[in-house]
Amino acid sequence: MQSERNIEMEANQKKSSSSLGNTLRLLNLFNMDEPEFTLSELAKKLGVGHSTIHRLTMTLMHEGFLARDLMTKKFRLGASILAMEKTILSYYDICQISPPVLEKLVQDTGEAAHLSIVKDHKVVYLQKFDSPNYAHLLSHEGKPNPIHATNTGQVILAYRCQSEIEEVIAGGLAPYTSHTITNPQQFRERLTRIHKQGYSYSKDELHLGFSSIAAPVKSPSGKVIYAISIAGPSSRITPYGVQELSKAVKEAADELAIRKYGRKPL
């Protein structure tokens, strides 16, 4: 009798472990390039049957980890995942000291301000403070974006070693708009220019109609992990105003560096 119970327990444990594994694999399928999937696409990618994938998706939807578009019937990550991601990001100590700096930057420029970090060759927004002027920005905290097509990504990458730059280039410079830099040599030249001038200005590279200016948050040794940026409509962030706006962004980045590292970077 005891042996039968052990066999049954082991079978249940294996089943539970398999379900957990499939759940984690399913959630890991969603990324910036593939944010949505149909039920059949999920089943095919996981290599499971229709009943299994239906059970998994229904459970995850009930718990808020998945959402489903009523029109397309495609699944995407739900609010529970985004809330968890935001909670994890809040553990960064820099997020405790950056709000006054970002709030002032919003006041000084009238545009939305972001604090970003690079993770796995993606830019992740740690914090975002909205502009008092309306702008339908598609950015939010915890959202990953392509490093090569975002201003903060370019700024951080400009202060990284050449091998990391080449890794990003080798991964492909996918076009998001007609203004995205997709030529490797032009991209290298952009990063060299950013490093020289200490800030980056981009127009329509990730989303048409929107521009941004970013500056690095440098450690005393010159290492760059974080970047600050402003973003808004290209009608407001124009080439004519870049000099003044970039000064405000650089000053904010330097102020955050002082708060983070104890002294202004060289």
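## The loop between S1 and S2

Lys 73 lies in the loop between strand S1 (66–68) and strand S2 (75–77); helices (H or I, at least four residues) and strands (E, at least two) are DSSP runs, numbered from the N terminus. Lys 73 has a positive phi of about 70° although it is not a glycine. Most residues other than glycine have a negative phi. Lys 73 counts as partly exposed because its relative accessibility is 45%; buried means under 20% relative accessible area, exposed over 50%, and partly exposed in between (1.4 Å probe, protein chains only).

## The model as a whole

This is a predicted model, in which local features need pLDDT of at least 70 and side-chain atom pairs count only at pLDDT 80 or more, while totals for chains, interfaces and linings use all residues. Residues are numbered from 1 along each chain as its sequence is written, and side-chain values use heavy atoms, with hydrogens and water left out.

The protein contains 10 helices and eight strands. Of its 266 residues, 43% are buried. Contact means heavy atoms within 4.5 Å. Among the contacts with a separation of 6 or more, 58% come from residues 24 or more positions apart.

## Strand S3 and its partners

Strand S3 (residues 112–119) is mostly covered, since seven of its eight residues are buried. Two strands pair if DSSP finds at least two bridges between them. S3 pairs in the antiparallel sense with strand S8 (residues 224–233) over six bridges, and Ser 116 stands opposite Ala 227 in S8. S3 also pairs in the antiparallel sense with strand S4 (residues 122–129), over seven bridges. In that pairing, Lys 119 stands opposite Lys 122 in S4.

S3 and S4 form a hairpin with two residues between them, and Asp 120 in the turn has a positive phi of about 55°. His 121 is also placed in the loop between S3 and S4. His 121 has a positive phi of about 60° although it is not a glycine. With a relative accessible area of 29%, His 121 is partly exposed.

Asp 204 is found in the loop between strand S6 (200–203) and strand S7 (210–218). This residue is buried because its relative accessible area is 6%. The side chain of Asp 204 makes a polar contact with the side chain of Lys 203 (2.9 Å); a polar contact is a pair of N or O atoms within 3.5 Å, where, within protein, one must be able to donate a hydrogen and the other to accept it, and residues adjacent in sequence count only if both atoms are side-chain atoms. Leaving aside neighbours within four places in sequence, Asp 204 is in contact with residues including Thr 177, His 179 and Ser 234.

Ser 212 is placed in strand S7 and counts as buried, at 12% relative accessibility. Not counting residues up to four places away in sequence, Ser 212 touches several residues, among them Asn 151, Tyr 201 and Ile 230. Ser 219 has its place in the loop between S7 and S8 and is buried, with a relative accessible area of 8%. Ser 219 and Gly 262 are 43 residues apart in sequence and 9.2 Å apart in space, C-alpha to C-alpha.

## Nonpolar cores

In soluble globular proteins, nonpolar side chains tend to be buried together. A nonpolar core is a set of buried Ala, Val, Leu, Ile, Met, Phe, Trp, Tyr and Cys residues joined through side-chain atoms within 4.5 Å. The largest nonpolar core has 28 residues, and those with the most contacts inside it are Leu 105, Leu 115, Ile 213 and Ile 228. The elements that give two or more residues to this core are helix H5 (94–97), helix H6 (99–109), S3, S4, S7, S8 and helix H10 (242–261). H10 gives the most to this core, with eight residues. Apart from this core lies another, of 20 residues, among them Val 155, Leu 173, Val 224 and Ala 227.

## The second largest pocket

On a 1 Å grid over the protein atoms alone, a pocket is an open set of points with protein on both sides within 12 Å along at least five of seven lines, and lining residues have an atom within 4 Å of a point. About 210 Å³ of space lies in the second largest pocket; grid points are joined across faces, edges and corners, and a volume is the space filled by probe spheres set on the points.

H6 and H10 each supply at least two residues of the lining of this pocket, and H10 gives the most, with seven residues. The lining includes Pro 100, Leu 105, Glu 244 and Arg 259.

Technical notes:
1 Å grid on protein atoms, 1.4 Å probe; cavity = no way out; pocket = protein on both sides within 12 Å on 5 of 7 lines; lining within 4 Å.
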